[in-house]
Amino acid sequence: EVRQGKVRLSRDGRSLDVSGGQFALAGPQGFVAPKPIHPDDIVLLPQHAKLIGGEWALVRDPKSATSWALEAGPTTYKPWDHVEDRLSYVTYTFHASADREYRLWVRASSLERGDAWMRDQVVVEPVGAKLSRKCDKFGTHPTSAYVFTGVAASTGYVWLSGHGEAWKVEDAPITIRFNETGPQALRIFVGHPSVRIDSVWLSATQKSRPAAKLLPPAER
């Protein structure tokens, strides 16, 4: 991370310049290009995810933003079971700022398989973050996990922030603030099977619910 001035980062004969207000990474696979230390928008796509256990699959989907999606499979857990006890999930790692308040948007769809009420939910957990409201499905249990509902209320992909039911469209989105600037993690657990996710968007700028067809910034 460079707070002021400019630094040249070198590895294995290659180098890049990192300016004030940016960070960069160098690893075995090469460089990650410089990015802002305090980004306003963070987009997490299916191909960026790490899949733990066997409940999620990375699948081709021509209707998604990037032709890829994460698909939820069967689980023995209920959406309101505590996530600390669960062994299968999707995890994203990324850099985010403690100086930003991010709206948490998830773009999801429900496959038309059986009862719509049983393919309607997904559980999202920003790790090490404070949410603007607590999910009532977990009672008094201390957690930053939130059960997103209403995936099946619309046809095709739709943006959610806690819910997607048409009668709650005007409710305020969930906002999150991370405890520290730097590497962060966000985990996604199966709520119901047959739910697909093609984008997670943490935004300090997108304050109202995006239109269903709006693609995240990196894909516009």
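Student: What should I know about the model before we start?

Tutor: It is a predicted model, in which local features need pLDDT of at least 70 and side-chain atom pairs count only at pLDDT 80 or more, whereas totals for chains, interfaces and linings use all residues. Residues are numbered from 1 along each chain as its sequence is written, and side-chain values use heavy atoms, with hydrogens and water left out.

Student: Which strands make up the open sheet, and in what order?

Tutor: The open sheet has five strands in the order β6-β9-β16-β11-β13, and their pairing is antiparallel. Strands here are DSSP runs of E with at least two residues, numbered from the N terminus, and two strands pair if DSSP finds at least two bridges between them.

Student: Which strands stand at the edges?

Tutor: β6 (50-52) and β13 (146-148) do; each has a single partner strand, so one side of each is left without a neighbour in the sheet. On average, neighbouring strands of this sheet are turned by 30° against each other, direction ignored. The axes behind such angles are lines fitted to C-alpha atoms, and angles run from 0 to 180 degrees between N-to-C directions.

Student: How many bridges join β9 to β16?

Tutor: Seven bridges join β9 (residues 89-96) to β16, and the two strands run antiparallel. Within β16, Pro-183 is the residue opposite His-95.

Student: Changing topic: how much space lies in the largest pocket?

Tutor: About 620 Å³. A pocket is found on a 1 Å grid over the protein atoms alone, as an open set of points where a 1.4 Å probe fits, with protein on both sides within 12 Å along at least five of seven lines; lining residues have an atom within 4 Å of a point. Its volume is the space filled by probe spheres set on the points, which are joined across faces, edges and corners.

Student: Which residues are closest to its centre?

Tutor: Of the 21 lining residues, Phe-23, Lys-35, Thr-93, Phe-94 and His-95 are the closest to the centre of the largest pocket.

Student: And which strand gives the most to that lining?

Tutor: β9 gives the most to the lining of the largest pocket, with five residues. At least two residues each come from β3 (22-27), β4 (30-36), β5 (41-44) and β9. By class, the lining has 14 nonpolar, four polar and three charged residues; Ala, Val, Leu, Ile, Met, Phe, Trp, Tyr, Cys and Pro count as nonpolar, Asp, Glu, Lys and Arg as charged, and the others, Gly among them, as polar.

Student: What lines the second largest pocket?

Tutor: That pocket holds about 260 Å³ of space. It has 14 lining residues, and nearest its centre lie Lys-63, Ser-109, Ser-110, Thr-155 and Gly-156. Strand β10 (residues 102-110) gives the most, with three residues. The lining divides into three nonpolar, five polar and six charged residues.

Student: On to charges. How many salt bridges are there?

Tutor: The count comes to ten salt bridges, a salt bridge being a side-chain nitrogen of Lys or Arg within 4 Å of a carboxyl oxygen of Asp or Glu. Asp-61, Glu-71, Arg-113 and Arg-196 are linked in a network of them.

Student: What does the pair of Glu-125 and Arg-187 tie together?

Tutor: Their side chains meet in a salt bridge (2.7 Å, N to O). Glu-125 lies in strand β11 (residues 122-127) and Arg-187 in strand β16, so the pair ties together parts that are 62 residues apart in sequence.

Student: Is Glu-125 buried or exposed?

Tutor: Glu-125 counts as buried, at 8% relative accessibility, and Arg-187 is buried at 17%. Buried means under 20% relative accessible area, exposed over 50%, and partly exposed in between (1.4 Å probe, protein chains only).

Student: Which residue forms a salt bridge with Asp-40?

Tutor: Arg-100 does, with the closest N and O atoms 2.8 Å apart. Asp-40 lies in the loop between β4 and β5 and Arg-100 in the loop between β9 and β10, so this pair ties together parts that are 60 residues apart in sequence. Asp-40 is partly exposed at 35%, as is Arg-100 at 24%.

Student: Last one: where does Ser-194 lie?

Tutor: Ser-194 lies in the loop between β16 (182-190) and β17 (195-203). Its phi is positive, about 70°, although it is not a glycine, and Ser-194 is buried, with a relative accessible area of 10%. Ser-67 also has a positive phi of about 70° without being a glycine; Ser-67 is in the loop between β7 (56-60) and β8 (68-72) and is partly exposed at 31%.

Conventions:
Helices (H or I, at least four residues) and strands (E, at least two) are DSSP runs, numbered from the N terminus.
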